[in-house]
Amino acid sequence: MAVKEITKPTKKRKQSSEDDSSPPPLEAVGELEMESDEENGDDAVSDDGEVDEFPEIDTRSDSEDGEFGETDEEENSEDEDEDENKDEEDSSDSDSLHVFPKAKTIVSDITGQPKRVYPEIEPDYDSDSSTEDGPNRVGDVPMHWYDDLPHIGYDIDGKKVLRPAKGDELDKFLSTVEDPSAWTSAFDKNTQMDKPLTDEELDIIRRLYAGEVPDASYDPYEPTTEWFTGKGKEEIMPLSSAPEPKRRWVPSKWEKQKVMKIVRAIRQGRIIGSKPKTTSKFSFFSIWSEPSSSHLPPLPAPKPRLPTNSESYNPPEEYLPTEEERKEWEAQDPEDREQDYLPKKYSALRLVPAYDRFIKERFNRQLDLYLAPRIQRVKLNIDPTTLIPKLPSPSSLKPFPNYKSLKFRHEKGRARCVSISPDGGWAISGDESGRVSLWEVIVGREVKSWKFDSKIGALEWCPRLDVSYFVVSIEEKIHFIIPPNVPGPVLALTQALLAPASLPPAPATPSPVKWVTPSTSTWSTDAPILTANLPSSSGLPTQLAWHRRGDYLASVSTGGTQGGVWIHQITRRHSQAPFKKVKGAVQMVLFHPLKPHFFVATQQYVRVYNLSEQKLLKTLQPGIKWISSMDVHPSGDHLIVGGYDRKLCWFDLELSDKPYKIMRYHTRAIRSLHFHPSYPLFASSSDDGAIQIFHSRVYNDLMTDPLIVPLKILRGHEIKDGLGVLLIRWSSRQPWLVSAGADGAIASMISIDDVLAVFRRYDPQSFEAPISLSAGDGESSKA
């Protein structure tokens, strides 16, 4: 897959360009090709080293129009200078066609006359050292003869070749680190230094290690040459035409004489055949009396229990059981009895009958000997509590949300999407009936609502602080809406951004996405100020993702030939599909918070693309059957991915393409994941109706692993039609969480410590006692 060439910016543009984290503007039609997500395995590894193409980056989007003219003039002047220099070089090359060094004319210091001076000729100039022999001409003699001498041999002139200096082990290690060819060299005894190996010698060493034939030209599977098979190669005559000798079918006289001699010796008794071995009886031996020569001596056999007073034929009265004890003993099972017998008393020894349990007791004794341990093993006494990792207490990791403060309800459908403003004071939510509500996060009061023709697919608030607007996606449309009660300067800047007086120039490549702005007379807070009409059959945009600077917006639709992925640039009013053809289904997309990277999640893989270099960086393999959500850490080095199979995978992007940690805390499918922008927190929601809060502290030290601690399980939504909490979002400035559920409710989860701090500020005496929270949704018993 070919990658488009990136236009090199001018020097003035380099000075005025911003950091590399801003994604490139979208000029040409995207020609990237995303591989399919086959779940069978053959096509699972779709990134076979080829480079995917991304749209060309146009960095002129962030600069003023006046700079482009000056840049073009500078480029034209630089091109003219380069052409003049090139002509001068061509003319000078045509004049100097001789192979001798060019002379230089100078004025002599002595005579004062001009003279020509040629450059000095190096003694080793044009010398080829590849055919020269080594400097040591000592011959084929043992080199240990020179161990005690300062030299290692003699050169061709008979002079001593001094021994080269050797470093210690540290120098050898540093040389292997600094010189990449140090691993492909061998020590030469003749020169007493390392000699680089050739490619042929390295290939022979590799073949010897692999157990192959050292000769690379040898083919062990070459076809055999058939000499006597095939047409015209049959054997017509025998190899020898000599007649067959008579001794081959006539019995030998000498063999007959030897056999008769052996027969006579057997008849006379001089040769006696070996007698068959008689089978001896099985010999018994004691397994305890034979010490092993290679092992420790076995343990001694267990000794039988000595008899007690209760086993006497005439035991004392206190050992004899009563009638109740006898009945209780007979009613118990043999395994539960403390003794296997009942003491009995006889007046004389001759009156004692035969022992009725003799055979069973002997069998148990043999069984004890058979099962007795013969090797003493040391048992490790490990406390199970020491194997559990030590995690900090959740009370020391505050603040985090643990109290459901407010609830806002959509009556006509599921609340599928919610978003919070950058200042954390306002929230918008949308349901399947096409209603979008704007309400305050602190008090839960609805301020404004909008009604659309179809259900709401997604909505997101613009991350910029100098403007105030949000986007709403419905069927094949994306609306840009300005909320009410916006300050005058912010409103003017927002209107100038979304509906400028002069539209930007149309791009060279037209886009199928059409941008429509109503007339100025029809502007109101009830209607969108800008609308982007997606191509037909694109479907409902189910996700919207902003770049951190607020100029680029990515959308993922349910249909379309390009996988439903579009990237929109607000300032230029231009949209483009970054992928030419997608065989799999794209689930989500994200922008990297610091770098020009783009995350694309399909059903089973997460691919990371570099927008500036227009290539695929890596493919993450979470091992999830169907990815449902993902989010990137504010530092950009970590990624969490959730799936419908209840798995939550934490990726360290600098470590590996496999998950660093896999967590399974939910009982049903995971629906949403979100990192807090400023606090070390992240949350996950599921169809089991639970929201789990985690403490996620990432350290700057690369040798320290991230600290992930489960903090709280919040339950504030009802499960309806098998669906629970569909989306969660954090407030940007407070440890507050807003969630949207299938029951049509929008819940606000806050920290009870923040509530108590506000109450104590106004009435310190009434809130001195601590407030206990219930185990359910965190409602206060005192509040």
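**Loops and backbone**

Trainee: R573 sits in the loop between strand 20 (565-569) and strand 21 (574-576). What is the phi of R573?

Mentor: A caution comes before the angle: this is a predicted model, in which local features need pLDDT of at least 70, side-chain atom pairs count only at pLDDT 80 or more, and totals for chains, interfaces and linings use all residues. Residues are numbered from 1 along each chain as its sequence is written, and side-chain values use heavy atoms, leaving out hydrogens and water. R573 is not a glycine, yet its phi is positive, at about 55 degrees.

Trainee: Is R573 buried or exposed?

Mentor: Take the classes: under 20% relative accessible area is buried, over 50% is exposed, and partly exposed lies in between (1.4 Å probe, protein chains only). R573 has 14% relative accessibility, so R573 is buried.

Trainee: Which loop holds R646?

Mentor: R646 is another residue other than glycine with a positive phi, near 75 degrees. R646 is partly exposed, with a relative accessible area of 42%. Strands are DSSP runs of E of at least two residues, helices are runs of H or I of at least four, and both are numbered from the N terminus. R646 belongs to the loop between strand 28 (638-643) and strand 29 (648-652).

Trainee: What is the omega of the peptide bond from K398 to P399?

Mentor: P399 lies in the loop between helix 8 (384-387) and strand 8 (403-409). The bond from K398 to P399 is cis, and its omega is near 10 degrees.

**Salt bridges**

Trainee: How many salt bridges does the structure hold?

Mentor: Side chains of opposite charge can pair when their charged atoms come close. A salt bridge here is a side-chain nitrogen of Lys or Arg within 4 Å of a carboxyl oxygen of Asp or Glu. By that rule, the count is 19.

Trainee: How far apart are the closest N and O atoms of D526 and K448?

Mentor: The two form a salt bridge, with those atoms at 2.1 Å. D526 is in the loop between strand 16 (514-516) and strand 17 (530-533), and K448 is in strand 12 (residues 446-451), so the bridge ties together parts 78 residues apart in sequence. K448 is buried, at 19% relative accessible area. The distance asked for is 2.1 Å.

Trainee: Which helix holds both R206 and D203?

Mentor: Their salt bridge brings the closest N and O atoms to 3.2 Å. R206 is partly exposed at 44%, and D203 is partly exposed at 24%. They are three residues apart, about one turn, in helix 4 (residues 199-209).

Trainee: Which side chain meets R445 in a salt bridge?

Mentor: R445 is partly exposed, with a relative accessible area of 48%. Its N to O distance in the bridge is 2.8 Å, and the side chain it meets is that of E440.

**Surface patches**

Trainee: Which residues gather in a patch of negative charge?

Mentor: Patch residues have over 30% relative accessible area and no salt bridge; like charges are joined within 9 Å, and nonpolar side chains (Val, Leu, Ile, Met, Phe, Trp, Tyr) within 5 Å. Asp and Glu count as negative, Lys and Arg as positive, while His and the chain ends are not counted; a charge is placed at NZ of Lys, CZ of Arg, CG of Asp or CD of Glu. E324, in helix 6 (residues 323-331), is exposed at 58% relative accessibility. The patch gathers E323, E324, E325, E328 and E330.

Trainee: What is the area of the nonpolar patch made by L170, F173, L174 and V177?

Mentor: V177 lies in helix 3 (residues 169-178) and is exposed, at 56%. Areas come from the Shrake-Rupley method with a 1.4 Å probe, and for residues only the protein chains shown count as cover. The patch covers about 400 Å².

**Whole chain**

Trainee: What share of the residues count as buried?

Mentor: The chain has 10 helices and 37 strands. It exposes about 51400 Å², and carbon and sulfur atoms supply 53% of that. Of its 783 residues, the buried share is 35%.
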